[in-house]
Amino acid sequence: MSMIYRNSYFKKELRQAYSENRTSSGRKLASALFLGLISFALFFVFQTLQESVLSESVPQIMQPSFFSTVTIYIHAAFVFYTLYFIVNYETLFFSEIRNNSWYLLIQMGYHPVMMFFSKLLALLYTAFMIYTVGFLVTVFLTLFLKYTFILSYLPSLYLAGLTDIFLISILSMIFSLFTKTIVNARYWIFFSAVIIVVLKIMLGEYTILSNRVSMQNINNLFALNYTAYIPAALVLMILFCFICLIKSDNLAKYYNYNPPSDTPFIPEGVQVVRIDSSTGKQKILWNKDKKGWRGRVFDTVSTAFLIIFICTALAFNIFIILINTSTPGQEVSIRGVIPFVFQSRTMEPAIQMNDLTFFRKIDPWFPVEAGQIILFEENHLIYVERVLVKAGEELKADIDNYPPLSQPGAMLKTVPREAVHGVYIGRNRWLGALIFFANTIVGRILFLLVPAVLLFYSKQINDYLKKQR
Amino acid sequence: MPHIAEHVVFMENVSSGEHFLTSGGSPRRVLSNISLLMKRSEAWGITGTSLYEIKLLLEIMANIRPYDSGRCVLIEQGMPRRKRVILRHVFYIGNSQMIYNNMNVLEYLMFVTGKLQRNQVELQEEIFELLIGIGLGPISLSPNNLLTKEEKAVVALLAAVYSGSIIIVFNLPEYEFDPILSDAIAKLSNLIRKMGKTLILGTKSCLLIEKASTHSAVVAGGKVIYSGTVENFRYQYDHVIVKIRDKQALKIKESLTPLLPGYQLSIKNDTLMISGSPERNDPELIYKKVLESGFIPELMEMNPKTVQNAYEELILEHDLPQ
């Protein structure tokens, strides 16, 4: 026995969810590397969707630049940390006070206030370390893409991401002090992530975060005319730390009673009530018959959620397959509407690249007017053009947008009326981007493989969730 | 010189506010008029017919739960009004979740004893030897998350040994300790008593009481139906004098009944139990009568007087369900 264990509470906290010191540090570095790599991979996934609505809606992650990879990283880190906190909740936060781990330590001479600060520091230090290493990995990997390196916006992006992670860390800490059950605390961590996103939208954080010029000055993050998010987050963090300190110190003064683990079985049909001998009032402490209704509700909700997710994903896949199998003359129509992914710039700005367009299927007697966009067939090819002139049973149609260096009028066609299969009624740009994504390898995995795995292992997942409860 | 309290737990007519309530029945106090006196360096095994009664009694003793009436005094200092508040002199173990899962047993024990002003090398050696000494050597380097809840509870008890608390309340009557763990608890109990502390065990295992306790209390129907030394309990209530194990136990019983007037003969698991009152307690006579009956039993032995038999007798005496 050569190794002497010298543990302090801080060292114990630094190990957090892992079992060995060395393993713990290694895993933290591995997490940081993973985060950097996953952000880099996500950037490439987004790059495959360049020709979609995403390029206009979220240019901050679509443009080929350091700004995009780092922006993706700070969001991926936030999601990663939320999941990490949910999974390792018991080890990372104050549920150990409710498990009376602190009771034992206090009996052995430890001080609750020191334990609180050690816990907080270890959590923030770990978050800081993983986040920083991951950030550096992302920047390092982006260097290989040979984009122009602009240093000025990196500190602002770094700080913005770090604020989110510190805020969710402290919010999770405070929930762990006020929530009695682990399941509820996990829900609260998830909701706190949603609240942070809502707060960022409301306080204009995303506006400045997507602005590459404003982000070049770190002071803009603190300028209230741009966004109040970071100042508000700092105030909240200080306030929550203070509340955590008081509440944890207060909780640690008591032995925490944890029914039902502290309550041995009571025979069926027997209730335990506390009767106040002075007033005669009864309070039910334990009722075996009532036990489990929450569990049933949880089981029903989780099963329903799983079924809805699987069914939606499968329905979406069927929809994509139908669209992909559409052939001229045999277009798939759903309740008289032909969905069609438009993969050309010829009808811009009315229809853009990779938009999901909808055409009403028409019969030969449907009146087609000039100015309408039509879907027609010629030589077994499908065309989408705008009607310029209607001449009896023939229509003259042309595209809206000729690419540069092409000859205008080259696509002008005379279309017999019977060749028209549908008239344009609208488009959905986001659904188009989603179908575009679903046709990529990552999209296939997400929409086909994940539901299939969920379907196959649904029993095991349900059993795991029950066990967790 | 500070006064060293001799009476560590004093309960007088303590009744709980908790009541059992069955549909159509009137409420019955879970604990009613409990009186107990526990002294330093004693190990008490509290058992009974209801897990909830045992658990609640120990919770009241440890100031975890309030009581409705009566008087309860700890180390001659009274009982705080605020419940569940941490008392330095009472170390309460009510579940096994209190130990950290991301350490091994020895490491955890070194961690919790980190605030003792002791040389770490010597302390680790001492704890390691103690673990081996109580039979927990094989799990001393096992990660805590791989331990059973019973093993975790014993680790927590071992930590309590190193605390400054005079009273250690081990309130886990719902746990089932295997013989190895029972022996470990027994050895820790000896150590606790040698240190001048008091151990209070809540258990349904008579064997654990026999191994680890000097005193015992039996709670049934909300009342203490026995309290005193384990030895007295065994001799007072285990009336079985001789056990005869034979396939023909029933025939032997029929033959012996007229030969041993005043003795009770009963059969349990192919074993004929011959019991007698303190006045009729002669194994030699029984032996002679067995020979007279003409049977040569497969096995005949003097009853070693067990807590289990004494408990069963006591429960029968009070006409209670086991």
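**View 1. Chain B as a whole, with its helices and strands.** The secondary structure of chain B comes to ten helices and 15 strands, where helices (H or I, at least four residues) and strands (E, at least two) are DSSP runs numbered from the N terminus. This is a predicted model, in which local features need pLDDT of at least 70 and side-chain atom pairs count only at pLDDT 80 or more, while totals for chains, interfaces and linings use all residues. Residues are numbered from 1 along each chain as its sequence is written, chains are lettered from A and ligands numbered from 1 in the order in which they are written, and side-chain values use heavy atoms, with hydrogens and water left out. Along its principal axes, the C-alpha trace of chain B spans about 70 × 50 × 45 Å. Of the 322 residues in chain B, 57% are buried, that is, they have under 20% relative accessible area (1.4 Å probe, protein chains only).

**View 2. The six-stranded sheet of chain B.** Six strands of chain B form an open sheet with mixed pairing, in the order 7-8-9-5-10-11; two strands pair if DSSP finds at least two bridges between them. At the edges lie strand 7 (90-93) and strand 11 (223-229) of chain B, each of which pairs on one side only. Neighbouring strands of this sheet are turned by 15° against each other on average, direction ignored, with axes taken as lines fitted to C-alpha atoms (for helices over the stretch in contact) and angles running from 0 to 180 degrees between N-to-C directions. Strand 10 (residues 215-220) of chain B runs antiparallel to strand 11 of chain B and is joined to it by six bridges. Within strand 11 of chain B, B:Y226 is the residue that stands opposite B:V218.

**View 3. A helix packed on the six-stranded sheet.** Helix 1 (residues 51-61) of chain B packs on the sheet and touches strand 5 (43-48), strand 7, strand 8 (167-171), strand 9 (198-202) and strand 10 of chain B, where contact means heavy atoms within 4.5 Å. The direction of helix 1 of chain B makes about 155° with that of strand 8 of chain B.

View 4. Strand 13 of chain B is joined by five bridges to strand 14 (residues 271-275) of chain B, and the two run antiparallel; B:S266 stands opposite B:M273 in strand 14 of chain B.

**View 5. Two helices of chain A in contact.** The axes of helix 9 (residues 112-143) and helix 10 (residues 154-178) of chain A come within 10 Å and cross at roughly 150°. Among the residues that make this contact are A:L120, A:L124 and A:F128 of helix 9 of chain A and A:L157, A:L162 and A:F166 of helix 10 of chain A. By class, the contact has 16 nonpolar, three polar and one charged residues, where Ala, Val, Leu, Ile, Met, Phe, Trp, Tyr, Cys and Pro count as nonpolar, Asp, Glu, Lys and Arg as charged, and the others, Gly among them, as polar.

How values were computed:
Buried means under 20% relative accessible area, exposed over 50%, partly exposed in between (1.4 Å probe, protein chains only).
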